[in-house]
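Colleague: I have a structure open and would like to learn how to read it. Could you take me through it feature by feature?

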Amino acid sequence: MWRQGQNLLRRASLSNDSCGIRQIIIASSSSSSSPSVSIWRRKKEMGKEGLLVAKELKRLQSNAVRFERFMKSHVSRLLKSDLVSVLAEFQRQDLVYLSMRLYEAVRKEIWYRPDMFFYRDMLFMLARNKKVDETKKVWEDLKKEGVLFDQHTFGDLVRAFLDGGLPSEAMHIYDEMRRSPDPPISLPYRVILKGLLPYPELREKIKDEFLELFPDIVVYDPPEDLFDEEEWRKESDDE
């Protein structure tokens, strides 16, 4: 009887241990399968190697031969985190040529995957610097890779190109937004309409389309003499 009691206790203990191990395995597998944050949204901290490469690329960009040699020998060996960080830093400094070269380098990496935030940051930088040809190139790339922006990002991009003084490019992106499979939402349209204040004819067109989609929402219209007054102030400041 005593021996049978010991066996029963041993079996109960083993059963509890196996249940605990099973729970740990299940929790571990579920956490590992959860979607990770895009590398383009993470905080970017440049390592020592990244800093050295960024400094040297800026120094060598006027020497095509040495620049290309350095791209092959050093940029291709950068860790993913450093390459991402160097590109982000060039974008922050509005270094268009270097950003485009790093953009191409990233897309050749084995770890690269098409990402909305990767393209968004490139387009923001190009809009700030009024770069039409580069914008067309990046847009062609993202279309080939099947990248889709959400409605909020579309609105922010249209506004960025309007603020950059590129209404044609802004309207091209707006047309893509209209063709998006995502259902329209009002906030991006409000962002766009505010950016269209310097372009009254375009604004009327977008406003009509907005009211067709959201007939119950009121659109604020600025006074007609608003821009005349701003122009007068600008001319007064110049004198």
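Modeller: Gladly, and let us begin with the record. UniProt lists residues 115-149 and 150-184 as "repeat: PPR", in an unreviewed entry; its positions are given in the numbering used here, feature names are shortened, and annotations may be inferred rather than shown by experiment. This is a predicted model, in which local features need pLDDT of at least 70, side-chain atom pairs count only at pLDDT 80 or more, and totals for chains, interfaces and linings use all residues. Residues are numbered from 1 along each chain as its sequence is written, and side-chain values use heavy atoms, with hydrogens and water left out.

Colleague: How much helix and strand is there over residues 115-149?

Modeller: Helices (H or I, at least four residues) and strands (E, at least two) are DSSP runs, numbered from the N terminus. Residues 115-149 are 74% helix and 0% strand, with end C-alpha atoms 9 Å apart. Residues 150-184 are likewise 74% helix and 0% strand, and their end C-alpha atoms lie 10 Å apart.

Colleague: And how many helices and strands are in the chain?

Modeller: The chain has 12 helices and zero strands.

Colleague: How do I describe two packed helices?

Modeller: Two packed helices are described by the angle between their axes and the distance between the axes. Axes are lines fitted to C-alpha atoms, for helices over the stretch in contact, and angles run from 0 to 180 degrees between N-to-C directions. Here, helix H9 (residues 167-179) and helix H10 (residues 186-195) pack at about 165°, their axes 13 Å apart. That makes H9 roughly antiparallel to H10 (angles under 35 degrees count as roughly parallel, over 145 as roughly antiparallel, 65 to 115 as roughly perpendicular and the rest as oblique).

Colleague: Which residues of H9 and H10 meet?

Modeller: Contact means heavy atoms within 4.5 Å. Tyr174, Met177 and Arg178 of H9 meet Pro188, Tyr189 and Ile192 of H10. By class, the contact of H9 with H10 has five nonpolar residues, no polar and one charged (Ala, Val, Leu, Ile, Met, Phe, Trp, Tyr, Cys and Pro count as nonpolar, Asp, Glu, Lys and Arg as charged, and the others, Gly among them, as polar).

Colleague: What about H8 and H10: at what angle do they cross?

Modeller: The axes of helix H8 (residues 151-163) and H10 cross at roughly 5° and come within 8 Å. H8 and H10 are therefore roughly parallel to each other. Among the residues making this contact are Gln151, His152 and Leu162 of H8 and Leu187, Val191 and Lys194 of H10. The contact of H8 with H10 divides into six nonpolar, four polar and four charged residues.

Colleague: Now burial: is Leu102 buried or exposed?

Modeller: Buried means under 20% relative accessible area, exposed over 50%, and partly exposed in between (1.4 Å probe, protein chains only). Leu102, in helix H5 (residues 96-108), counts as buried because its relative accessibility is 0%. Leaving aside residues up to four places away in sequence, Leu102 touches Leu57, Val75, Leu83, Val86, Leu87 and Phe90.

Colleague: Where is Asp121, and what does it touch?

Modeller: Asp121 sits in helix H6 (residues 116-128) and is buried, with a relative accessible area of 17%. Not counting residues up to four places away in sequence, Asp121 touches Trp40 and Gln91.

Colleague: What share of the chain is buried?

Modeller: Buried residues make up 34% of the 239 residues.
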